[in-house]
Amino acid sequence: MTIHAPTSTLLLADAFREMMFRGSRGATYSAETDAMFMFLFWFSTAVFVGLMGAMVWWTIKYRWKPGQRLKYSPAHNTALEVTWTVIPTIIVVFMFLFGFWTYTKQQIAPSNAVVLSLSAKKWNWDLTYPGGIGATESVRNGAVDIPVFLVPEDTPIQLQMISDDVIHSFWVPDFRFKQDVFPNRFTTYWFQSEKLTDADRDNPDLPYRNREHWVFCAEYCGDNHSEMAAILRVIPREEFDKWLREPWPEGMRPEEIGFKLWTLKGCNACHTLDGSAGTGPTWKNLAGYEHTYTNGQTILADADHLRNSILNPGNEIRSGYTNQMPTYAGSISNQDLGRIIAYMNTISDKGATVDFGAPAAPGATPPAGEQPAGEQPARTGEPESGGGN
């Protein structure tokens, strides 16, 4: 016979779990983490209430009264001492084994996991898919745009992570797990999202409303640390496969994609589009002009120079800036590199004609619905990140 808990009890339990953990359990191993935390919470609560209750009771029961002689206090009780040693030891060993088992499941990815590359840099996450594809969508978060990373439902995903500058920490609260990301060293993080429900699939107004998971940096990394965020969006496997084949909307011009990559690749953290000062040089009127560099040379910012400045930013440093921009070699495809350079040409009055089948006039506006280049907020930050090129 199956015994079901009353509905009110289940609702109370769900409300309490929501208060404790906020978001949903997004990964398949998250339920065990929740169970471990809840066991520790209730065990600690029971011990605390028991000890404090006994202390109050004994304080009242055995308090000294006037005219009463002090009684001899026993110094040894074998049964009591064995009890309070053996029982807590068993419980603590159980907690260790349960916690270690959960930890190992979070550390060891299944053999069939899809491996993706994740790079962290101040102050942006960049996820690279097979074929060099990166994020193609962003959402507004306060004063900045953050990337949206698509992942397939019910599929193990392993992230191979590295930092381009300082220590970061990849943290997805819904997954109940975080992992530090170091420079000059790879670390891994894996998860398998739960299968989408019919409600997630069939609601056109709120698609995947329960399957969007926030990504934060949990290690302080500089001025804009609090803005280093992203969203993991879980989508049906068939949609994910289609997106991998056609990541950008049909008919989208290269310079329009280049504008979106300015946000998605984290260029907006240091390079403005309106001529205002930033951690790195502004992109406005950068292409096609000659600029002075710290080695005393004056160099024309043509396509080759712009490409080299992105892939090897330490080779030539603009006067007035320092060598703090991380290299994008290996983290951006040649196609996306050309799209960024195409966009840089459109916001320069000396920019070259974009040769992608049809010329784009200098000063071309970003795609419909995006914020015009001249109205992008100036981003300034500590001179540790961004480009000096």
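Modeller: Phe41 counts as partly exposed, because its relative accessibility is 30% (buried means under 20% relative accessible area, exposed over 50% and partly exposed in between, with a 1.4 Å probe and protein chains only). Trp42 falls into the partly exposed class as well, at 48%. The model is a predicted one, in which local features need pLDDT of at least 70 and side-chain atom pairs pLDDT 80 or more, while totals for chains, interfaces and linings use all residues. Residues are numbered from 1 along each chain as its sequence is written, and side-chain values rest on heavy atoms, without hydrogens or water.

Over the whole structure, the search returns 17 aromatic pairs (rings of Phe, Tyr and Trp, the last by its six-membered ring, with centres within 6.5 Å; planes under 30 degrees apart are stacked, over 60 edge-to-face, the rest tilted). One of them joins Phe39 to Phe94 in an edge-to-face arrangement, with 5.4 Å from centre to centre and 75 degrees between the planes. This pair connects distant parts of the chain: Phe39 belongs to helix 2 (residues 30-61) and Phe94 to helix 3 (residues 78-107), at a separation of 55 residues. Helices here are DSSP runs of H or I with at least four residues, strands are runs of E with at least two, and both are numbered from the N terminus. Phe94 is classed as partly exposed because its relative accessibility comes to 43%.

Elsewhere, ring pairs tie Trp125, Phe170, Phe175, Phe177, Tyr189 and Phe191 together into a cluster.

An aromatic ring also meets a charge: the charged end of Lys61 lies over the ring of Tyr62, at 5.5 Å from the ring centre (NZ of Lys or CZ of Arg within 6 Å of the centre and within 35 degrees of the ring normal).

Of its 389 residues, 42% are buried. Among contacts (heavy atoms within 4.5 Å) between residues at least 6 apart in sequence, 66% join residues at least 24 apart. The Phe39 and Phe94 pair, bridging helix 2 and helix 3, is one link between distant parts of this chain.
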